[in-house]
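Open the model in your viewer and keep the sequence panel beside it. The tour goes from one selection to the next and says what is there.

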Amino acid sequence: MSTYRDTLLLANVSRRHFLKGLAASGALVLAARWDLSLAQDEEEASYGADGMPHGWVDDPNVFIRIDEDGTVTVVNHRAEMGQGIRTSLVMVVADELGADWDRVRVEQAIGHEERYGNQDTDGSRSMRHWFDPMRRAAAAARTMLEQAAAEQWEVPVEECRAGVHVVIHAPSGRELGLGALAAAASQLPVPERDTLRLKSRDEWRYIGRENVKTDRPLAIDGEDIVTGRAVYGADVMLDDMLYAVIARPPVYGATLASVDDSAALEVPGVVRVVEIDGAVQPAGFAPLGGVAVVAENTWAAIQGRDALEIEWDTESAGDNAGYDSTAYREALEEAARSPGRVIREQGDIEAALADAETRLEATYYMPHLAHATMEPPAALARLADGKAEIWAPVQSPQAARDGVAGRLGLEPEDVTVNVTLLGGGFGRKSKPDFVLEAASLAGEFEGRPVRVQWTREDDIQHDYFHAVSVDRLEAGLDGDGKALAWRHRTLSPSIGSLFGPDPKHKVDFELGMGFTATPFDIPAMSLENPEAAAHVRIGWYRAVYNLPHAFAIQSFVAEMAEAAGRDHRDYLLELLGPARQIDPREINEGWNYGEDPERYPVDIGRLRAVVEKATEEAGWGRDLPEGRGLGLAVHHSFVSYTAVVFDVEVDGDGGLTIHSADIAFDCGPQVNPERIRAQMEGACVMGIGNALHSEITVSEGRIEQDNFHQYLIPRMPQAPRVTRVHLINDSSEAPMGGVGEPGVPPVTPALCNAIFAATGKRIRRLPIGDQLVS
C-alpha cells in the first residue's frame, strides 16, 4: 500500500533537481519512490518535459476525439487558472489538425499522469513542454484521417491533404468531412513519430495569430466566466452533500490540547464535529490538522466553528511559537553582514573592493506574502464502495490523487480527481492540503459528499507563504564609475523545509531563480547564501525567489548608476556587457529551470534587446516635470526575458500615480499573443500590489492579517493608466520560454526606481506603504 509521503510530487521543479538541492544542503529525505541516485547522477540528466514525473504523451487517441457530426473534442490535461491554457493548447491541436475552431470543444482531463503525462501546472512550462507533443498528436490524427480518405477513395495517400475540417483529394477536388472519416481513421495504427509532417508557420491559422475572426469566441471559457456560468471549485453541487469548515492551529506545528464542542452542536444545521489529525513536521502537503465542523450548509458550519471552545498546545510548535517577523528581519539583516555559503565566485572580491574608488552597500527587504487567490481553497470529496472521487481546483491533480490514496488507504487507481476551473492559483493550489482535508472528512461520512470550504481568513492565515527575504549587496566602482566588484548575500527560508529537516539555506532551484546566474560583466563577484530558518509553511508563489532577487539586484544597479553619475539604462547595458550566450553550468547554475543548458543558455543579447525596446517605447530620456520620473528593471526568469519601464508621479502628500507601463517581453515563439499580453498586464498589476501594499507579519507565531482590510491588494487606482506590452523575438529559431510568471519580477524594482527618479527617495523595504509621505 502506498503512502502519501512517498508519492509526493513537486511543482516548479523536477524530482532530480529538488533532490540534488536537498543533497547539497545535507537534507536527504523523502521515501521509497524518490530515487536518490537521481540527485547526483548528472550523466542521466533529462531536461524539459522529460525531466518531469511521467514526462509527456503524444498519442492522438489520448487527446483527440472526433464524433460522426464532425465535432472535435480536445482533452486538456493542464489546470486553467486564468492563464488561458485550455484555449492555447486547443488552438495548437486545432491548427495542426486542420479543424474549424467553431466545431472544436474542450474536455478537462482527470488527474491521471500515467495516461496524460505530467499535469503539474506550475513553473510557466505548460506550453513550452507541451507545444511539440500536442502538435505531434494532432499531426498523427491528421495523417490517419488522410489515410482513411485515401483508402475510401482508393487513391494514393500522397494525393490527399487535410483542409479546414475536411480531407481533400487534390486531383479531383473531392472532399470528406472529418466526422465521416473518424471511425475508419480510429482503426488505423498511429503513425511513427519520425514520419509525421508538421505544418509550417505560414500554414498556421491560429498559432501566433492576433485578432483571429471566429463565430465562436477564441477564449474557450471567456463567455462562461463573464456570465457567471463557469464552474469553479466551490460551484460543484451534489445531492445530499455536507459542508465543512475547519479550525486550524494558529501557530505552525501547534496541536490540539482540548475542545468543547457542546455549543457548536447546538447550532441549527450542524451535524457533527470531527477532529482532523495534523501533520508531523516537516508537513509537506499534509493538512495542518484541527477541528472540523460539518453541517448542512456553509453558514451553519461557520457559526458552529465560531462556537467551539478550543485550547491549542503551542509548545508543540517549538521555536515557531516565538516567531516574530520584525525580530526575524533584524536577525537576517545582521546575518547578512557575515559571510555565507559561497554559491558562485570569480576574481578576487576582497582585492577588488579594496582597490575601488567608490564603495556602495545596501540591504533590501521583502516580507512574507500570501497568495490571496480570488477563489479561496475548496474541495468536494465522496468515498463510497472503496473508491474516492474528488472535485477541486488543483494545479497538481496527480499530487492530490496520490495524497488522497495515501490518506484513505486506497490505491491511486481507486481515486478520481476532477479538476475544476481555478479562480487563481499562483502556486497555492499545487499544494493539495485542502483536498486531503475533504477526503479525511468524506471517510467519516461514507457515501455522502463533503465539501471543505476555506474562508478568506483561513486562506490568509494558513497559507504556504512566500518566503521573507533579506538581500545585502556591495559594489566597488573605479574612478570612472565602472563596476569592479559585486557581492550579493541572499537570505530566505527554503521551501525545502516542508519536506525534510530545515536546510536553512536555499536549495539549488531557489538560488537558480535570478541569483546564481546574475548576468553582469564584472571582474570580481561573490554570491553567498547565509542561513535562514523557516518558521511558517513556505511555498512557491508566482515567480518564487525571482521576486526578492530581482528587487534587490535591479534596485542596486540603479543605485550604482546614480553613484557613478550615469544614466541608468546606459549603465545597466554596460553591466550586461556585449551580446553573448552564457552556459549556466559555467557559472555554477545547474538547475536552469529544468531546461537543457545548451538549448537554453542565458542570452545577454536578448536581455539587452528587451531593455532597449522597453526604454525606446517609453521615451526614455524625455523631459518630465518635477515629481515625475521613469524607472527601469530587467530580469531573466523561466527562460524568458522581461523589461519594464514605469512613468510615475508622486504628489506632495505621497500620492502615487502610475501614468504608464511599457513591458518588453521575449518568450521566443508565441502561441497565443493575446493571452501573453493579458498575462503581462496581470503580472504588472500583481507586482505593483506586491510593492505597494502586500505584507504578512507574524507575532508569537501567529499571522496578524486575516482579510483584505489588513492584507492589501491593488485596486483600480493603483493600476497603470496605460499599459503597453511589446512582444519581440517571435522566432522559430529561439526555444520557447515561459509566460505566466516571468512578467512579475522586474515590476517592483522598476516601480521603486521610478519613484526614486520622481522624488529622490530610495525604497529598500517592502511594502512601500507610507514611505512616500514627506
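Select helix 5 (residues 126–153) and helix 6 (residues 178–186). Helices here are DSSP runs of H or I with at least four residues, strands are runs of E with at least two, and both are numbered from the N terminus. The two helices pack at an angle of about 90°, with their axes 9 Å apart. An axis is a line fitted to C-alpha atoms over the stretch in contact, and angles run from 0 to 180 degrees between N-to-C directions. Helix 5 and helix 6 are therefore roughly perpendicular to each other (65 to 115 degrees; under 35 is roughly parallel, over 145 roughly antiparallel, the rest oblique).

Now show the side chains of the contact (heavy atoms within 4.5 Å). Helix 5 contributes M144, L145, A148, A149 and Q152, and helix 6 contributes L178, L181, A182, A184 and A185. Of these residues, 9 are nonpolar, 1 is polar and none is charged. Ala, Val, Leu, Ile, Met, Phe, Trp, Tyr, Cys and Pro count as nonpolar, Asp, Glu, Lys and Arg as charged, and the others, Gly among them, as polar.

This is a predicted model, in which local features need pLDDT of at least 70 and side-chain atom pairs pLDDT 80 or more, while totals for chains, interfaces and linings use all residues. Residues are numbered from 1 along each chain as its sequence is written, and side-chain values use heavy atoms, with hydrogens and water left out.

Stay on helix 5 and select R128, then E595. Their side chains form a salt bridge at 2.6 Å, N to O (a side-chain nitrogen of Lys or Arg within 4 Å of a carboxyl oxygen of Asp or Glu). E595 lies in the loop between strand 21 (581–582) and strand 22 (602–603), 467 residues from R128. Both residues are buried (under 20% relative accessible area; exposed is over 50%, partly exposed in between, with a 1.4 Å probe and protein chains only).

Next, select R537 and D433, which form a salt bridge at 3.3 Å, N to O. R537 is buried, with a relative accessible area of 2%, and D433 is buried at 1%.

Compare R229 and D224, joined at 3.1 Å, N to O. R229 is partly exposed at 49%, and D224 is partly exposed at 27%.

Last, select K431. Which side chain of opposite charge is nearest to K431? It is D122, 6.0 Å away, and the buried K431 has no salt bridge (Lys and Arg count as positive, Asp and Glu as negative; His and the chain ends are not counted).
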